[in-house]
Amino acid sequence: MKTERMKRIFQAIILSSVTGALLLSAFCWRTKEQPINKPDHMQFDEEIQEDAFELSEVLGSCVRIQAEGHHGSGSIYQLLEDEIIIVTNWHVLQYWNEDSYVTFSNGAVGGGKVIAASEQADIGILSIRTAFLMAEELEGLYAVNESERTLTRGDTLYMVDIASDVWQPKVFEGQVLDPLRYLDEFGMEMLYGESLFKPGMSGCGVFDGEGNYVGMLTAGTDQNEIAAVPLDIVRLCKTWIW
């Protein structure tokens with residue numbers, strides 16, 4: 001990655017019918033002419049034990065989405081008295097039907113409906129009525145806490161894999177390579193970073209070290225490069241809801 005000109009070929013979002021899991025789409029981009037300098041000591045670990053990030057602070061906002069043989073991830077964006085608003089990728093919801101459902105971090109399961117979507121921004125919004133859940137099934141659930149600060153290159157980021165196993169969530173640590181980079185494949189500026197990931201994590205939240213929501217994972221490459229919808233774009237969904 002330390003060359004002056006780097007060209008990578010995007011592959012379209014891949015839906016794995018064999019594993020029944022929504023794979024993160026592989027993609028490529030043309031970077032700026034300046035090389036990206038990544039620390040030589042950069043390490044990745046599925047299970048992070050650092051004090052800077054506490055899984056318990058974000059787990060209640062994480063969800064697993066099952067839609068017609070495929071699964072993905074999402075985040076509770078708003079927890080209202082009568083409904084739960086979940087934000088995820090549109091490509092996670094494109095198979096959503098009446099038999100689809102969401103599994104929350106506490107094991108509760110609920111069905112709902114798609115209330116808004118943007119294929120261009122790859123954002124989809126689900127609404128689940130709280131009336132269909134028991135009071136105890138709402139315990140431990142909460143909405144993401146949106147970050148109020150601007151990301152910078154080199155900041156540490158975290159993602160939670162709840163899709164592989166709801167009862168054994170895994171934390172992935174990475175770093176921000178560029179807070180906003182225009183990627184041709186998406187046609188907009190994305191949060192560009194580096195991290196390990198697993199199939200089914202599309203739509204999961206991207207968090208900073210303090211557990212604040214900074215974006216939504218959308219795609220990744222075999223070189224552990226990731227692209228996420230920035231928080232400012234996710235925030236637009238509020239206008240769609242209201």
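The model is predicted, with local features needing pLDDT of at least 70, side-chain atom pairs counting only at pLDDT 80 or more, and totals for chains, interfaces and linings using all residues. Residues are numbered from 1 along each chain as its sequence is written, and side-chain values use heavy atoms, leaving out hydrogens and water.

- Strands here are DSSP runs of E with at least two residues, numbered from the N terminus, and two of them pair if DSSP finds at least two bridges between them.
- Strand 14 spans residues 213-220, and eight of its eight residues are buried (under 20% relative accessible area, with a 1.4 Å probe and protein chains only).
- With strand 15 (residues 225-230), strand 14 pairs in the antiparallel sense over five bridges.
- Four residues lie between the strands of that hairpin, where N224 takes a positive phi near 65°.
- G205 stands opposite M216 in strand 14.
- Five residues separate strand 13 from strand 14 in their hairpin, and G211 in the turn has a positive phi of about 85°.

**Cysteines**

- There are zero disulfides in the structure, a disulfide being a pair of cysteine sulfur atoms within 2.5 Å.
- C62 is in no disulfide, and its nearest cysteine sulfur, that of C204, is 7.6 Å away.
- C62 is buried at a relative accessible area of 4%, and C204 is buried at 2%.

Note on methods. Buried means under 20% relative accessible area, exposed over 50%, partly exposed in between (1.4 Å probe, protein chains only).
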